[in-house]
Amino acid sequence: MLPITKAMVWKAYQLLKRNGKAAGVDAQSLDDFAKDLENNLYKLWILMASGSYFKPPVRLMDRPKPSGGIRALGIPTVSDRIAQMVVKRVLEPQFELIFHQDSYGYRLGKLAHQAVESCRKRCWKYGWVVDLDIKGFFDSIDHDRLIRALQFHTSDCWVLLFLRRWLEAPVELPDGSPPAASTTA
């Protein structure tokens with residue numbers, strides 16, 4: 001079983017700081033987090049290493065879709081994005097070994113234009129296309145079944161603990177109120 005180290009949290013922060021800087025429900029931006037970086041990372045490491053890290057609510061924002069309509073986007077806190085990156089970096093190498101070569105979504109080194117190129121080539125080779133959109137997948141998946149499936153791929157109990165907590169985390173609207181019953185993250 002892999003312990004959570006300070007180095008894992010530090011590397012996760014370094015990877016995260018390249019991405020978005022939006023603030024979560026705590027209104028703390030990445031720049032604000034960096035003002036007391038050493039203490040913030042230490043606190044996160046202690047909470048994660050002791051198993052007492054609980055995901056704060058996700059700030060739910062509506063974003064327009066390019067094709068029309070609205071998509072609800074959940075914005076986690078900076079600390080939570082770092083915690084997610086720690087878990088991602090533990091799981092990703094394990095899952096890369098079992099993913100199909102034509103699986104492109106959210107994969108390391110796999111880009112959208114590569115998926116389009118693969119589709120273009122296959123359109124000349126095959127007479128049919130299957131298009132999948134997993135809309136609302138994490139809103140409706142049985143969490144117990146998902147965790148049981150993940151247990152086949154990791155022996156790190158802390159990974160499973162935090163994944164379950166993320167699956168069950170609450171969401172908040174920008175004003176701090178809970179969303180209507182039909183809206184999910």
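**Figure 1. Helices H4 and H8 lie oblique to each other.** In this predicted model, the axes of H4 and H8 (residues 157-167) cross at roughly 135 degrees and come within 11 Å. Angles over 145 degrees would count as roughly antiparallel, so at roughly 135 degrees the pair ends up as oblique. The crossing itself is left-handed. On the H4 side, look for Asp80, Ala83, Gln84, Val86, Val87, Val90 and Leu91; H8 answers with Trp158, Val159, Phe162, Leu163 and Trp166. Sorted by class, this contact comes out as 10 nonpolar, 1 polar and 1 charged residues.

**Figure 2. H4 on its own, with a bend at valine 90.** The bend is about 30 degrees, and proline 93 follows within four residues. How far apart are the end C-alpha atoms of H4? They sit 26 Å apart, which agrees with the 27 Å that 19 residues should span at 1.5 Å a residue. Valine 90 also turns up among the H4 residues that meet H8, and it is one of those touching H1 too.

**Figure 3. H1 meets H4 in a right-handed crossing.** Here H1 (residues 6-16) packs on H4 (residues 78-96) at about 110 degrees, and the two axes are 8 Å apart. The roughly perpendicular class runs from 65 to 115 degrees, so this pair falls into it. H1 brings Met8, Val9, Lys11, Ala12, Tyr13, Leu15 and Leu16 to the contact, while H4 supplies Val78, Arg81, Ile82, Met85, Val86, Arg89 and Val90. The class tally reads 11 nonpolar, no polar and 3 charged residues.

**Figure 4. H1 again, this time against H3.** The axes of H1 and H3 (residues 37-50) are 10 Å apart, at an angle of about 125 degrees. That angle makes H1 oblique to H3. H1 goes past H3 with a right-handed crossing. By class they split into 8 nonpolar, no polar and 1 charged.

Figure 5. What secondary structure does the protein chain hold? It has 8 helices and 3 strands. Reading from the N terminus, the order is α-α-α-β-β-α-α-α-α-α-β. Taken along the principal axes, the C-alpha atoms fill a box of roughly 55 × 40 × 35 Å.

Technical notes: Residues are numbered from 1 along each chain as its sequence is written. This is a predicted model: local features need pLDDT of at least 70, side-chain atom pairs count only at pLDDT 80 or more; totals for chains, interfaces and linings use all residues. Side-chain values use heavy atoms; hydrogens and water are left out. Axes are lines fitted to C-alpha atoms, for helices over the stretch in contact, and angles run from 0 to 180 degrees between N-to-C directions. Helices (H or I, at least four residues) and strands (E, at least two) are DSSP runs, numbered from the N terminus. Angles under 35 degrees count as roughly parallel, over 145 as roughly antiparallel, 65 to 115 as roughly perpendicular and the rest as oblique. A crossing is left-handed if the near helix is turned anticlockwise from the far one by less than a right angle, and right-handed if clockwise. Contact means heavy atoms within 4.5 Å. Ala, Val, Leu, Ile, Met, Phe, Trp, Tyr, Cys and Pro count as nonpolar, Asp, Glu, Lys and Arg as charged, and the others, Gly among them, as polar. The expected span of a helix is 1.5 Å times one less than its number of residues. The bend at a residue is the angle between axes fitted to the seven residues ending there and the seven starting there.
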